[in-house]
Each structure stands twice: as C-alpha cells, then as structure tokens.
Amino acid sequence: MILESALLDVLPGQEDAFLAAFAEARPLIAVQRGFRTLQLRRCLDGGRGSRFLLQVEWETLEDHTEGFRGSAEYQQWRALLHHYYSPFPEVEHYGEPLLTA
C-alpha cells in the first residue's frame, strides 16, 4: 500500500464550492483500480481555513501515477477541481509505515 498526500490551498472564499466539487469528483477516483480509501481534512489553524489535506491510499504507486492519471476520469477530476488551487499542490507518495504507535 502507498499513501498519496497533497496539501490543497484553495482560493479563499471558494471553500464551499470546492467541497461541493470534491463530493462530485470523489466517485471518479473511487472506481479506479488499486484505490483503497481517501480522507480530506480541513486545516484548523488560525488563518488556514482554505487549506485541506488530501490523503489517498493506493495498492501500488502505478495505480495512481499511471492508472488514475491516465484515465478519462482523471480528466473529469481535473476539470472539477484543479481551478480551485493556488498554488497548484505538490503531490507526494509514501511507502508502508516504518513505525506505528
């Protein structure tokens, strides 16, 4: 399992529209080969209410980088969500946990 992680800085004032668009986009990723689960969390720190943390679990790195990103559903995902970000998020991938508590 790998974990995709991205900090999403949404344009201020567009948070509700982003969340509505994300709800519409979620089924597009959920049907992908290797998709396991996702979590979207909103930052609680003062002045950061436009920042969200997206974490997606995939079976393999390629399920995300080649499968989803190469799919027609990804084009719809981009159209629904990418115009909300400034700056565009850096997406990172992490391996299995090295330590758990």
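This is a predicted model: local features need pLDDT of at least 70, side-chain atom pairs count only at pLDDT 80 or more; totals for chains, interfaces and linings use all residues.
User: Why is Arg 51 called partly exposed?

Analyst: Its relative accessibility is 22%.

User: What makes Arg 51 and Asp 9 a salt bridge?

Analyst: A salt bridge needs a side-chain nitrogen of Lys or Arg within 4 Å of a carboxyl oxygen of Asp or Glu. Between the side chains of Asp 9 and Arg 51 the N to O distance is 2.7 Å, so the pair qualifies. Helices (H or I, at least four residues) and strands (E, at least two) are DSSP runs, numbered from the N terminus. Asp 9 has a relative accessible area of 18%, which makes it buried.

User: How many salt bridges does the rule give?

Analyst: The count is three. One of them joins the side chains of Arg 33 and Asp 63 at 2.6 Å, N to O. Arg 33 sits in the loop between α1 (15-30) and β2 (35-42), and Asp 63 in helix α2 (residues 61-68), so this pair ties together parts 30 residues apart in sequence. Another joins Arg 36 and Glu 59 at 3.5 Å, N to O. This pair links strand β2, where Arg 36 lies, to the loop between β3 and α2, where Glu 59 lies, 23 residues apart.

User: Are Arg 33 and Asp 63 buried or exposed?

Analyst: Arg 33 has 60% relative accessibility and counts as exposed. Asp 63 has a relative accessible area of 4% and is buried.

User: How do you know which side of α2 holds its buried residues?

Analyst: The buried residues of α2 are Asp 63, His 64 and Phe 68. They cover an arc of only 95° around the axis, taken from the directions to the C-beta atoms, which puts them on the same side of α2. They pack against β1, α1, β3, α3 (72-81) and β4 (91-94).

User: What makes Glu 4 a buried residue, and what does Glu 4 touch?

Analyst: Glu 4 is in strand β1 (residues 2-9). It has 7% relative accessibility, so it counts as buried. Contact means heavy atoms within 4.5 Å. Beyond four places in sequence, the contacts of Glu 4 include Leu 54, Val 56, Val 91 and His 93. One is with the side chain of Trp 58 at 2.9 Å, another with that of His 64 at 3.4 Å.

User: Why is β1 described as largely enclosed, and which strands pair with it?

Analyst: Six of the eight residues of β1 are buried, so the rest of the structure largely encloses it. Pairing requires that DSSP finds at least two bridges between two strands. β1 and β3 pair antiparallel over eight bridges, with Ala 6 partnered by Leu 54 in β3. Four bridges join β1 to β4, also antiparallel, and Leu 3 is partnered by Tyr 94 in β4.

Notes. Residues are numbered from 1 along each chain as its sequence is written. Side-chain values use heavy atoms; hydrogens and water are left out. Buried means under 20% relative accessible area, exposed over 50%, partly exposed in between (1.4 Å probe, protein chains only). A polar contact is a pair of N or O atoms within 3.5 Å; within protein, one must be able to donate a hydrogen and the other to accept it, and residues adjacent in sequence count only if both atoms are side-chain atoms.
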